[in-house]
Amino acid sequence: MLASSCYPSKKKKITVTINIETMRSISTKIYILFACLIVNTIAQNTNRKTIEFVIGGKDRGLSKGCNLKDLNIPITLPVPCPKPKTSIPLPPLPLVQELLQFADQRLAVVYPVIQNFKSIITSDPLGITKTWAGSDICNYKGFYCESPPDNKTAIAVASIDFNGFQLAAPSLDGFLDQLPDIALFHANSNNFAGPISPNIAKLPYLYELDISNNQFSGPFPTAVLGMDHLEFLDIRFNYFSGSVPPQIFTQNLDFLFINNNNFMMKLPDNIGNTHILFLTLANNKFIGPIPRNIFRAFSELTEVLLLNNQLTGCLPYEIGFLKEAIVFDAGNNQLTGPLPFSLACLERVEQLNFANNLLFGMVPEVLCELGNKAELISVPGRATGYHSCSQHYPVLSYRATVPASHTMFNVSII
């Protein structure tokens, strides 16, 4: 009879054999994993330097601190606890440029203005700008200092005289208009060009402006209009063109020199309201008749220079009102008609020129008598039918210059 299979007939002893080598293998893998974690942590804290560990031995516990000699872990690169690197010495800092010391704050203000202008000068044959260095602006060649009217204890650039320096620059803009205390600006006989900044109208003390004999061109520099304190304006021997604003003739000027440009216009009627003492309109292209009221207005004028234009018409009788005139020159125009008898009223005249016009008729005898006091009376040229004064004055037509008292204006009369 077969025994029931539902019950076990006998308990068997189960023997479990633990493989020590297997356990050691597992343990080694755990230690390797743990070591990898430690290496990764150390690598992150030591700028990712490579560390090579050889795991071995029985006691693999890490000691505190940085002492790893008990780990039996050879380290090929000494990374933990590196000694601080010796700092590399920095190069010495450049010496700070000595700060400029100015005698007055007003000089410190204009110093960069002068240096900027110096940087745009394209020609300096006389070496003028070599002196424009340092803080002693008052010793720069061409610069002159003085106490301004609003502060007698201050020192400021009051005057500039560049006459004859032969400097060349594309513009005065940013220079002249940035000199807040300037009173006189003389720059004739240079090679300056460009526009004249309208900001010069804001200069409170500027009363003399001479930019003659340069390379300025374009329309009349209207920046000078409305400068009631301006007394002297000289823009002759340039290339200005177009018309002259009529209001310039009624401005409070004593000297107005606009000769030797390319102005072309009819002389305005308001020219008769002028208070100008010296006026030169010569060597332009002014057209039309001479306004009759000009002579009454010029009754205090000492010099009237109208030569080398395109003026037409007759000489008006009112020319006799020029009682203070020393020089009157209307040569090289297209004036016509007889010489007026009123010329005898020019009691102070020294030079009188009507040469190269279309005048005709008799030379008044009173004009011949006037020649007793005048250095030069010249009426020849394209004149017809004249009874000459040559019987009294053998030489009446020659090239002469203005007397010594007027040579500062370099005016020639033909």
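Reply: A salt bridge is taken here as a side-chain nitrogen of Lys or Arg within 4 Å of a carboxyl oxygen of Asp or Glu. By that criterion, a search of the whole structure returns five salt bridges. The model is a predicted one, in which local features need pLDDT of at least 70 and side-chain atom pairs count only at pLDDT 80 or more, whereas totals for chains, interfaces and linings use all residues. Residues are numbered from 1 along each chain as its sequence is written, and side-chain values use heavy atoms, with hydrogens and water left out.

Helices (H or I, at least four residues) and strands (E, at least two) are DSSP runs, numbered from the N terminus. Relative accessible area is classed as buried under 20%, exposed over 50% and partly exposed in between, using a 1.4 Å probe and protein chains only. On this scale D150 is partly exposed, with a relative accessible area of 49%, and R106 is also partly exposed, at 21%.

A further salt bridge joins the side chains of R292 and E318, at 3.0 Å from N to O. Here too the pair links distant parts of the chain, 26 residues apart: R292 is in the loop between strand 13 (287-288) and helix 3 (293-297), and E318 is in the loop between strand 15 (310-314) and strand 16 (327-329). R292 counts as exposed, because its relative accessibility is 52%.

The loop between strand 15 and strand 16 also holds E324, the partner of a residue in the loop between strand 17 (334-337) and strand 18 (351-353), namely R348. The closest N and O atoms of the salt bridge between R348 and E324 are 2.5 Å apart. Finally, salt bridges that share partners join R106, D150 and D181 into one network.
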